[in-house]
Amino acid sequence: DPGAPAGRPAPAERPAKDPSGLRKAGRQNRFWTRIEHERFLEGVGLFGAQDAHSIAKHVGTRTVIQVRTHAQKYFMKLAREKSSGNDAECGGHSSSEATEGGGSRSS
């Protein structure tokens, strides 16, 4: 296409969007699965909670920003449970606990 910017395929050559609306590595607006959360916890154990880049690579399906957001929510939840006297490990993580929508939730 003569009007297309250099290096960018013409509209007819561009791949069709995934009908699910999901991106390759950054699947926006979807809950963390139990497997993703387990990989997250493994990554925290291997690399430390501050190394979001390595954790994101370890999880494999989440961006660095999503890992940082999940970590923040996860550790806030642990602190809340600890302060309320609930010392149970967060092993009962349900897939509805952490979203990446950016909206606020009240607890």
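My entries on helix packing and ring pairs follow.

Entry 1, the model. I note that this is a predicted model.

I looked up which residues of α2 (residues 52–59) are buried: Ala52, Ile55, Ala56, His58 and Val59. They span an arc of only 160° around the axis, so they sit on the same side of α2. I then checked their partners. The buried residues of α2 pack against α1 (34–47) and α3 (64–83). Just after α2, I found glycine 60 with a positive phi of about 90°.

I describe two packed helices by the angle between their axes and the distance between the axes. For α1 and α3 I read an angle of about 85° and axes 12 Å apart. Angles of 65 to 115 degrees count as roughly perpendicular, and therefore α1 is roughly perpendicular to α3. From α1, the contact uses His37, Phe40, Leu41 and Val44; from α3, it uses Val67, His70, Ala71, Tyr74 and Phe75. I sorted these contact residues into 7 nonpolar, 2 polar and no charged.

I found 3 aromatic pairs in the structure. Tryptophan 32 and phenylalanine 40 pair edge-to-face, at 6.0 Å centre to centre with 75° between the planes. Both tryptophan 32 and phenylalanine 40 are buried. Tyrosine 74 and phenylalanine 75 also pair edge-to-face, at 5.1 Å centre to centre with 70° between the planes. Tyrosine 74 is buried, at 7% relative accessible area, whereas phenylalanine 75 is partly exposed, at 33%. Ring pairs join Trp32, Phe40, Tyr74 and Phe75 into a cluster.

Definitions and conventions. Residues are numbered from 1 along each chain as its sequence is written. This is a predicted model: local features need pLDDT of at least 70, side-chain atom pairs count only at pLDDT 80 or more; totals for chains, interfaces and linings use all residues. Side-chain values use heavy atoms; hydrogens and water are left out. Buried means under 20% relative accessible area, exposed over 50%, partly exposed in between (1.4 Å probe, protein chains only). Helices (H or I, at least four residues) and strands (E, at least two) are DSSP runs, numbered from the N terminus. The arc is that of the directions from the helix axis to the C-beta atoms. Contact means heavy atoms within 4.5 Å. Axes are lines fitted to C-alpha atoms, for helices over the stretch in contact, and angles run from 0 to 180 degrees between N-to-C directions. Angles under 35 degrees count as roughly parallel, over 145 as roughly antiparallel, 65 to 115 as roughly perpendicular and the rest as oblique. Ala, Val, Leu, Ile, Met, Phe, Trp, Tyr, Cys and Pro count as nonpolar, Asp, Glu, Lys and Arg as charged, and the others, Gly among them, as polar. Rings of Phe, Tyr and Trp (its six-membered ring) pair if their centres lie within 6.5 Å; planes under 30 degrees apart count as stacked, over 60 as edge-to-face and the rest as tilted.
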